[in-house]
Amino acid sequence: MSSSRAQWRKHFREARNNLSAKAQQQAAADVAHRLSSLPELRDARRVAAYLDNDGEVSLRELILLLQSRDVATSLPVLHPFSGKHLLFLDYTPHTPMKKNRFGIAEPELRCQSVRLLAEHQVILMPLVGFDNKGNRLGMGGGFYDRTLANLDRLSRRPLLIGVAHDCQQADALPVMQWDIPLNAIVTPTQTIRISQP
Ligand SMILES: Nc1ncnc2c1ncn2[C@@H]1O[C@H](COP(=O)(O)OP(=O)(O)OP(=O)(O)O)[C@@H](O)[C@H]1O
Ligand SMILES: [Mg+2]
């Protein structure tokens, strides 16, 4: 099972890294347009996003659009001591940034900038692969799975939306019991909503 997950990861990472700069730009614009039209993002007060890495769809355009609509935005930050967990920190155009150990820019850690999961109405998640059941394959660290493991305890659960290129779609992904499923997936050409079991 784990080796097939590794093979899927290799396949999707190569596919998205092989997209041209033009295709990446178009994907970012199409995804920003789709996401910004969703009622959940229109009504949101705070949305968690990510800064793209390794060929992921860029959300920079969307983040600027949300900020211009007065929707607060957050970004994930590697937890400084709670192993392989993420914190979500407030992100504005003036937020001081630094690179984390994976070379990804993140807000500098300041306690007053930390936002609770429950403060977000939507969490936009990067992914390596997805399927139309909402299964998500990440980079393999388990960061999002750990951070979101207790989401059901919240009285208001943020909507989890995976963001991806169309070439990151699998017919059916192998799933592990700790994988946190997505509520929706947005690609440049599709908005997939997962109905609750
Ligand atoms: N809730 C959890 N508690 C403890 N360990 C976990 C939890 N979720 C995942 N893990 C561990 O994290 C490792 C990686 O998980 P997985 O392969 O699902 O990562 P991923 O979903 O690809 O990564 P990410 O969540 O960072 O995008 C697994 O070995 C798993 O044991
Ligand atoms: Mg997982």
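This is a predicted model: local features need pLDDT of at least 70, side-chain atom pairs count only at pLDDT 80 or more; totals for chains, interfaces and linings use all residues.
Reply: Let's start with a term: a residue is buried under 20% relative accessible area, exposed over 50%, and partly exposed in between, using a 1.4 Å probe and protein chains only.

Me: Where is Lys84 placed?

Reply: You'll find Lys84 in the loop between strand 2 and strand 3. Helices (H or I, at least four residues) and strands (E, at least two) are DSSP runs, numbered from the N terminus.

Me: What about the phi of Lys84?

Reply: Most residues other than glycine have a negative phi. Lys84 has a positive phi of about 55°, though it is not a glycine. Asp54 also has a positive phi of about 55° without being a glycine, and it sits in the loop between strand 1 and helix 4.

Me: How do I read the sheet, and what is its strand order?

Reply: Strands of a sheet pair through backbone hydrogen bonds, either parallel or antiparallel. Here, two strands pair if DSSP finds at least two bridges between them. This open sheet has 8 strands in the order 6-3-2-1-7-10-11-12, with mixed pairing. Strand 6 and strand 12 (191-193) are the edges, each pairing on one side only.

Me: Which way do the neighbours of strand 2 run?

Reply: Strand 1 (residues 46-48) runs parallel to strand 2, joined by 3 bridges; one to look for has Arg46 with Ala72 as its partner in strand 2. Strand 3 (residues 86-91) is antiparallel to strand 2, with 6 bridges between them, and the partner of Val77 in strand 3 is Leu87.

Me: Is strand 2 mostly covered or mostly open?

Reply: Strand 2 (residues 72-78) is mostly covered, with 6 of its 7 residues buried.

Me: What handedness does the β-α-β unit have?

Reply: Picture the strands pointing away from you: a crossover is right-handed if the path from the first strand over the helix to the second runs clockwise. In this model strand 1, helix 4 (residues 60-68) and strand 2 form a right-handed β-α-β unit.

Me: At what angle do helix 2 and helix 4 pack?

Reply: Axes are lines fitted to C-alpha atoms, for helices over the stretch in contact, and angles run from 0 to 180 degrees between N-to-C directions. Helix 2 (residues 21-37) and helix 4 pack at about 35°, their axes 8 Å apart. Contact means heavy atoms within 4.5 Å, and among the residues making it are Ala28 and Leu35 of helix 2 and Leu62 of helix 4.

Me: Which residues coordinate the magnesium ion?

Reply: Donors are N, O and S atoms within 2.8 Å of the metal (3.2 Å for Na, K and Ca); water is not among the atoms, so sites may look incomplete. Asp145 (OD) and Asp179 (OD) coordinate the magnesium ion (ligand 2), at 2.0 Å. The two are 34 residues apart, with Asp145 in helix 5 (residues 143-147) and Asp179 in the loop between strand 10 (159-163) and strand 11 (184-186). Asp145 and Asp179 are both buried.

Note on methods. Residues are numbered from 1 along each chain as its sequence is written. Chains are lettered from A and ligands numbered from 1 in the order in which they are written. Side-chain values use heavy atoms; hydrogens and water are left out.
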